[in-house]
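Here is a brief report on one protein chain. Look at the model first, then read on.

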Amino acid sequence: MKWFGPLTIRIGWNEDTIFNVSLQVLIDTGVLLVFHPGFGRDAGLAKQMGDYVGQVEARTHLYESMPRIMGPLLELFAPECHQIRSSMKSMKKTIVPELRRLLKQKRASPPTNDDHFYASSMIEIALKKGPLSRNGVTKDEEHHIDMMADETMFMFFEAVEPTTMILAAFIARLLRHREFLEPIRLELEQALKLNDGKWNFDLFNHTPRFESFSREVLRMDCINICLLYTSDAADERSSV
């Protein structure tokens, strides 16, 4: 059995392996994009954030199985809810000092529009539009930093969970229908040459076969999964 949001699907060994490999790749990529390369490696942050994705799914499944009126009691007594709060507290021990470091660094530098990572961009926007200031410590600054730490976790979850399910679905369909594998590979190679070797959205102007395959995978596998994901994300934001 495998979790896809609150939906449980019975899948075989190959599909299970595909899902787990896709998840691990996107966990590492997610930590990189939210923070920066190598961040939190010594503290095991990638594993913690990967576990957090599964904990959100488990909590959502619990809520789906109970009457909504039970929500406050679940938050007080359910192990799934306690586990998420404990995990977030543990991750903040690594994330909050990094946000303080980024804030100090940005206060000592001129404003920029050239941030490449989510946490750095988030602090830059907070300095430009409030509630933080470049001129020194503001009222309730620690509270705002704590809220930004929450936001990095939400962004990580929202990036990793649906993307993992979609990527796993694409790979599984390609392995089940291997007759498409080589033609799509050749089409992408040719498109890359036509696009001067650049991996950007213009590449897909030259990939009608891949586009058609992608549309079919999304039609068959991904719409319901992503709808279930939005329920996970909404429930998690409402719980904090």
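## Aromatic pairs

The structure holds 5 aromatic pairs. Rings of Phe, Tyr and Trp (its six-membered ring) pair if their centres lie within 6.5 Å; planes under 30 degrees apart count as stacked, over 60 as edge-to-face and the rest as tilted. Phe170 and Phe213 form an edge-to-face pair, with 6.4 Å centre to centre and 75° between the planes. Phe170 lies in helix α6 (residues 141-176) and Phe213 in helix α8 (residues 208-238), so this pair ties together parts 43 residues apart in sequence. Helices (H or I, at least four residues) and strands (E, at least two) are DSSP runs, numbered from the N terminus.

Phe170 is buried, at 14% relative accessible area. Phe213 is buried too, at 10%. Buried means under 20% relative accessible area, exposed over 50%, and partly exposed in between (1.4 Å probe, protein chains only). The rings of Phe204 and Phe210 are stacked, because their centres are 6.0 Å apart and their planes stand at 20°. Phe204 is partly exposed, at 35% relative accessibility. Phe170, Phe180 and Phe213 form one aromatic cluster.

## Basis of the model

This is a predicted model: local features need pLDDT of at least 70, side-chain atom pairs count only at pLDDT 80 or more, and totals for chains, interfaces and linings use all residues. Residues are numbered from 1 along each chain as its sequence is written, and side-chain values use heavy atoms, with hydrogens and water left out.

## Overall layout

The chain has 8 helices and 2 strands. From the N terminus, the elements run β-β-α-α-α-α-α-α-α-α. Buried residues make up 39% of the 240 residues. Take the contacts between residues at least 6 apart in sequence: 67% of them join residues at least 24 apart. Contact means heavy atoms within 4.5 Å.

## Helix α2 against α6

The axes of helix α2 (residues 45-64) and α6 come within 10 Å and cross at roughly 80°. The two helices are therefore roughly perpendicular to each other. Angles under 35 degrees count as roughly parallel, over 145 as roughly antiparallel, 65 to 115 as roughly perpendicular and the rest as oblique. Axes are lines fitted to C-alpha atoms, for helices over the stretch in contact, and angles run from 0 to 180 degrees between N-to-C directions.

From α2, the contact residues are Met49, Gly50, Tyr52, Val53, Val56 and Glu57. From α6, they are Thr152, Met153, Phe154, Phe156, Phe157, Val160 and Glu161. These divide into 9 nonpolar, 2 polar and 2 charged. Ala, Val, Leu, Ile, Met, Phe, Trp, Tyr, Cys and Pro count as nonpolar, Asp, Glu, Lys and Arg as charged, and the others, Gly among them, as polar.

Gln55 is in helix α2. Gln55 is buried, at 15% relative accessibility. Beyond its neighbours within four places in sequence, Gln55 contacts Gln83, Ile84 and Ser87. Thr94 lies in helix α4 (residues 79-107). Thr94 is also buried, at 17%. Outside four places in sequence, its contacts are Phe39, Gly40, Ala43 and Leu45.

Arg134 sits in the loop between α5 (118-129) and α6. Arg134 is partly exposed, at 22% relative accessibility. Not counting residues up to four places away in sequence, Arg134 touches Lys106, Arg107, Ser109, Pro110, Pro111, Glu124 and Leu127.
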